[in-house]
Amino acid sequence: MSEIPAHSQVLVIGGGPAGSTAAHLLAKAGFSVTLLERARFPRYHIGESLQPSCLAVLDRLGLRQVLLDHGFTKKYGVYHEWGHEKWAVEFAAIPNQEIFSFQVIRSEFDQLLIEAAQQAGVAVHQDIEVVGLDWDGDRPVAARWRSSAASSGEKAITFDRLVDASGRNGLISTRYNKDRRFNEGFQNVAIWAYWKGTQPLDEGPPGATAAATVGSGWIWGIPLHNGTLSVGLVTHRDEFKRRREEANGLLDLYTKAVEESPLASRLTANAQRIGNDVHIEQDYSYAAKSFAGPGYFVAGDAACFIDPLLSSGVHLALYSALLAAASTASVLRGEVPEAEATDFFERCYRQAYLRILVLVASFYQLYDGKDTYFWKAQQLANEDFSGADKNAAFVSIIAGREDILDAADPTRELVHQIGSLQRQMFGLAADKNRMETIMAMEPGDIAQLMRKGEELNRFTTGGFSMSEESAVRDLYVAPAPELGLKRAAASVPR
Ligand code: FAD
């Protein structure tokens, strides 16, 4: 393995999907990039179900065929048993269009991504932990690192720009800015295990994720290409505490939850759980107050993470990495002033995060146990949100109130618009007579709904300003001819 250089134009901390993608794109754009990863890949990671939007970024990395050849399960949708309702979501509503995504074993997926980054010219160093940063005022200028394999002392690498993609560890936000705020409304606990010999999911499109409510939580079933099924329970931490008091250990708690869910019981009938260990993660929904600063961008989970309900984690990791790479490239080439690129990154990533947050929040609203979530939000809001505004109360709590309570802030309006559209769409999806409801609609209303559906689909990729039409403060991400930020044609250069 080559030596870690004393200086790199760009340093990326962390080799998960966010770090590998940002590093890969920057190396392809001709910059010298060093990536330090504290683990040795393949390493275990949760986050197995990808959104179709991920493919657009994976295509930019030239990885679609690699992932297909690897044999990951192709996922064509999601099947829900949510409260009293059952419905399937197929990604490709339009005939002859293959819209799919992958269910991945993350250790394998992440390894493919980091290897591709290395092949693109990134100096990848595994088993190397960044133990601290050196700052010049509010600008990080060097990283101190240590080998986790060998017992050597600390060394340093200086850089022109930094991408912090250190995942939940969140080096900058937890150690330096100390601005990570946990989303009170989503203080959930997830507990999961793997099964073999499970029954196929008869409902829903091929490779679908199964999601079903259980008690006041929900359970996932993700089919993986090695023939195993990932089955996990997500529940609010208060409910988890109650369950834990009643159970004889974590495995018992998990087993009871699986048995409680008709869908999970069906899938695991006559199946064997692999091993006696269950994985557990808690308090994982959070956002940092700041996603960028002088000399650095924070990508992926290092900046924020929302409840796994809509499988949005890898999507946000990949798109924020693309955003970080484009912004870094333009700053280094002197095309956009640093302060403007910092502001652009901050706004885009937060907007994308808020969009998904509202989708997740509204989804919980469909479920019979919704009132506990909203009651909690209202209690914490110190504000009289009532009726239709419950959603605003909820979002204001989990997003950080100052982000949306300023009436002049466009994100507030955005959050309301998406919330109302989302409620309409999922309200229909949850309507068991929806075909009759649709048939009874006026043609104009159907067309309007279809347009809204398309808009809704765009929400997941939305927010990241990937086109001139969606420019944020005059800027947008342009992938070609070279990756960077571009100004919308009508704007006046600053
Ligand atoms: P990571 O993948 O965590 O990568 C960060 C990397 O940084 C790690 O490899 C780590 O070793 C390294 N690192 C950390 N600190 C240092 C340091 N100091 N020095 C060097 N290296 C360092 N997402 C989905 O898309 N679909 C799902 O179905 C899904 N399910 C989930 C279920 C649960 C219960 C949870 C908790 C999350 C789920 N997620 C899901 C989210 C998903 O796991 C993450 O959003 C995604 O892994 C984020 O990628 P990342 O690159 O930002 O971080």
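Two strands pair if DSSP finds at least two bridges between them. With that in hand, welcome to these close-up views of a predicted model.

View 1. Look next at β11 and β18 (residues 286–288), which pair in the antiparallel sense over 3 bridges. Which residue is the bridge partner of Phe-182 in β18? That partner is Tyr-286.

**View 2. Strand β15, seen with its neighbour β14.** Strands of a sheet pair through backbone hydrogen bonds, either parallel or antiparallel. Here β14 (residues 217–223) and β15 are antiparallel and share 7 bridges. Gly-221 has Val-231 of β15 as its bridge partner. The hairpin of these two strands has 4 residues between them, and Gly-227 takes a positive phi near 90° there. Is β15 buried or exposed? 9 of the 9 residues of β15 are buried, so this strand is largely enclosed by the rest of the structure. In a regular strand the side chains alternate between the two faces of the sheet. In β15, Thr-228, Ser-230, Gly-232, Val-234 and His-236 point one way, while Leu-229, Val-231, Leu-233 and Thr-235 point the other way, and all are buried.

View 3. How many bridges join β12 to β15? There are 9, and the two strands run antiparallel. Along this pairing, Ile-191 has Leu-233 of β15 as its bridge partner, and Trp-192 stands opposite Gly-232 in β15. β12 also pairs with β17 in the antiparallel sense, over 4 bridges. There, the bridge partner of Ile-191 is Ile-280 in β17. β12 is largely enclosed by the rest of the structure, because 8 of its 9 residues are buried.

View 4. An α-helix has 3.6 residues a turn, so residues three or four places apart point the same way. Within α6 (residues 237–246), the buried residues are Glu-239, Phe-240 and Arg-243. They cover an arc of only 100° around the axis, which puts them on the same side of α6. Turn to the other side of α6 and you find Lys-241 and Glu-245, both exposed. What covers the buried residues of α6? The cover includes the strands β12 (188–196), β13 (209–214), β15 (228–236) and β17 (279–282), along with helix α7 (250–260).

**View 5. Helix α6 packed against helix α7.** Two packed helices are described by the angle between their axes and the distance between the axes. For α6 and α7, the angle is about 110° and the axes are 9 Å apart. That makes α6 roughly perpendicular to α7. On the α6 side, the contact is made by Phe-240, Arg-243, Arg-244 and Glu-246, and on the α7 side by Leu-250, Leu-253, Lys-256, Ala-257 and Glu-260. These residues divide into 4 nonpolar, no polar and 5 charged.

View 6. Where is Ala-165 found? Look in the loop between β10 (155–164) and α5 (171–176). Ala-165 counts as buried, at 7% relative accessibility. Leaving aside residues up to four places away in sequence, Ala-165 touches Ile-13, Gly-14, Ala-18, Gly-19, Ala-299 and Ala-302. Ala-321 lies 156 residues from Ala-165 along the chain, with 8.4 Å between their C-alpha atoms.

View 7. Most residues other than glycine have a negative phi, and most peptide bonds are trans. The peptide bond from Phe-41 to Pro-42 is cis, with omega near 0°; Pro-42 sits in the loop between β2 (33–36) and α2 (54–60). Ala-480 and Pro-481 are also joined by a cis peptide bond, with omega about -5°, and Pro-481 is in the loop between β22 (475–478) and β23 (484–487). Asp-127, in the loop between β7 (123–125) and β8 (128–136), has a positive phi of about 65° although it is not a glycine. Asn-270, in the loop between α8 (262–268) and β16, also has a positive phi, near 65°. Asp-127 is buried, with a relative accessible area of 17%, whereas Asn-270 counts as exposed at 71% relative accessibility.

Terms used
Residues numbered from 1 in each chain as written. Predicted model: local features only at pLDDT ≥ 70, side-chain atom pairs only at ≥ 80, totals over all residues. Heavy atoms only, no water. Buried < 20%, exposed > 50% of the residue type's maximum accessible area, 1.4 Å probe, protein only. Arc of directions from axis to C-beta. Contact = heavy atoms within 4.5 Å. Axes fitted to C-alpha atoms, helices over the stretch in contact; angles between N-to-C directions. Parallel < 35°, antiparallel > 145°, perpendicular 65-115°, else oblique. Nonpolar A, V, L, I, M, F, W, Y, C, P; charged D, E, K, R; others polar.
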